[in-house]
Amino acid sequence: MKIGIIGRSEWTYDSMTLLKESGHQITFIVTAKEAPEYKYTSKDFQKFARANNIPFLHDTSITVDKLLNLISDLQTEICISVNYSGIIAENIISLFPLGILNAHGGDLPKYRGNACQAWAIINREDRIGLCIHKMVGGELDSGDIIERSYMDIDINSNIGKIYNWMEQEIPVLILNSVEKLEKEPEYILETQSKNPREVLRTYPRNPDDGKIDWNKDGESIIRLINASSEPFSGAFTSYNSDKLIIWRAALFTDNENYSSATGQIAKINKDSGNIIVITGKGKIEITEIEVNGERTKPAVAIKSIRVRLK
């Protein structure tokens, strides 16, 4: 099948590569500047295009005229779009007989929008969804679902592991979707509900959202740490005016009766290098931090229980 590519990230790049390796023809590639956490840059997409003699465009806003100028004989049957930075209008979608497929890391129709994986961790979900769906111009993450997959998650699941899972799943799901539609153009796995009560809109998260509030319960703090971890900038706190990024931590349980302010360091374990911190409800054990650009064990930087985390 003849397939166009509009997107960024390793998810798009690996899907494009698998489609080509599976015998499909890539007719054009449109990409834009990459986000900091992406493994592949726009230069990687350009290199792929040059190596395979594929028309290429670097642009944050795609239009019908730009597409027609890019490739004069636009006989592309379907298009794939993942993580593109601009809005794709209905008049572009309608250029392709089978439409445009998008990979979305949310359990549609729930979790439409941004940072769905982080919000799923924070919201204490027990699984994260991944959907391949047809795009609808002017609508957010709506359209018929063609393929769907799930990953079980819990308090100890971090965003990096979810991204690794998605990186493996998305190319396969996209290939399966394309080949199902090639055989049966009207194929639909599921029509999305239009009931607004079944939709959860999630909005972007910024680095400042990773600031830890020690008045919250231990589980909420652990989930924030895991939702903010690599490839993002990490959850953070301060100690002696130094910014500490907390990369790894877990709930800690003991039989101690105590009275304490939150953020109090309850124990510095010199053997393991870990520290125990008191939260608004319960304790957590911090096992890896970063301070002044260096990753280390907490006990290397934290020497006293007299100064609290804030």
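S228 is in contact (heavy atoms within 4.5 Å) with G210, S233, G234, A235 and W247, leaving aside residues up to four places away in sequence. The model is a predicted one, in which local features need pLDDT of at least 70 and side-chain atom pairs count only at pLDDT 80 or more, whereas totals for chains, interfaces and linings use all residues. Residues are numbered from 1 along each chain as its sequence is written, and side-chain values use heavy atoms, with hydrogens and water left out.

S228 belongs to helix 7, which spans residues 218–228. Helices (H or I, at least four residues) and strands (E, at least two) are DSSP runs, numbered from the N terminus. S228 counts as buried because its relative accessibility is 9%; buried means under 20% relative accessible area, exposed over 50% and partly exposed in between, with a 1.4 Å probe and protein chains only. A polar atom of the S228 side chain lies 2.8 Å from the backbone oxygen of L224.

Burial extends along helix 7. Nine of its 11 residues are buried, so helix 7 is largely enclosed by the rest of the structure. The buried residues are G218, I221, I222, R223, L224, I225, N226, A227 and S228. Their cover includes helix 5 (116–122) and helix 6 (159–183), together with strand 10 (235–239), strand 11 (242–252) and strand 14 (283–291). The N-terminal end of helix 7 is capped by D217, a side-chain oxygen of which lies 3.2 Å from the backbone nitrogen of E219.

Two packed helices are described by the angle between their axes and the distance between the axes. Axes are lines fitted to C-alpha atoms, for helices over the stretch in contact, and angles run from 0 to 180 degrees between N-to-C directions. Angles under 35 degrees count as roughly parallel, over 145 as roughly antiparallel, 65 to 115 as roughly perpendicular and the rest as oblique.

Helix 1 (residues 9–21) and helix 2 (residues 42–51) have axes that come within 10 Å and cross at roughly 15 degrees. The two helices are therefore roughly parallel to each other. The crossing of helix 1 past helix 2 is left-handed; a crossing is left-handed if the near helix is turned anticlockwise from the far one by less than a right angle, and right-handed if clockwise. In this pair, S9, T12, Y13, M16, T17 and K20 of helix 1 meet D44, F45 and F48 of helix 2.

Helix 1 also packs with helix 6, at an angle of about 40 degrees and with the axes 9 Å apart. Helix 1 is therefore oblique to helix 6. Here the crossing is right-handed. Helix 1 contributes E10, W11, D14, S15, L18 and L19 to the contact, and helix 6 contributes Y163, M166, E167, I170, P171, V172, I174, L175 and V178.

The structure holds zero disulfides, a disulfide being a pair of cysteine sulfur atoms within 2.5 Å. C79 counts as buried, at 0% relative accessibility. The sulfur of C116 is likewise too far for a bond, since its closest cysteine sulfur, in C131, is 9.9 Å away. C116 is buried, with a relative accessible area of 2%.

Overall, the protein chain has eight helices and 15 strands. Its C-alpha atoms fill a box of roughly 70 × 40 × 30 Å along the principal axes. Of its 310 residues, 49% count as buried. Among contacts with a separation of 6 or more, 67% are between residues 24 or more positions apart.

Methods:
A polar contact is a pair of N or O atoms within 3.5 Å; within protein, one must be able to donate a hydrogen and the other to accept it, and residues adjacent in sequence count only if both atoms are side-chain atoms.
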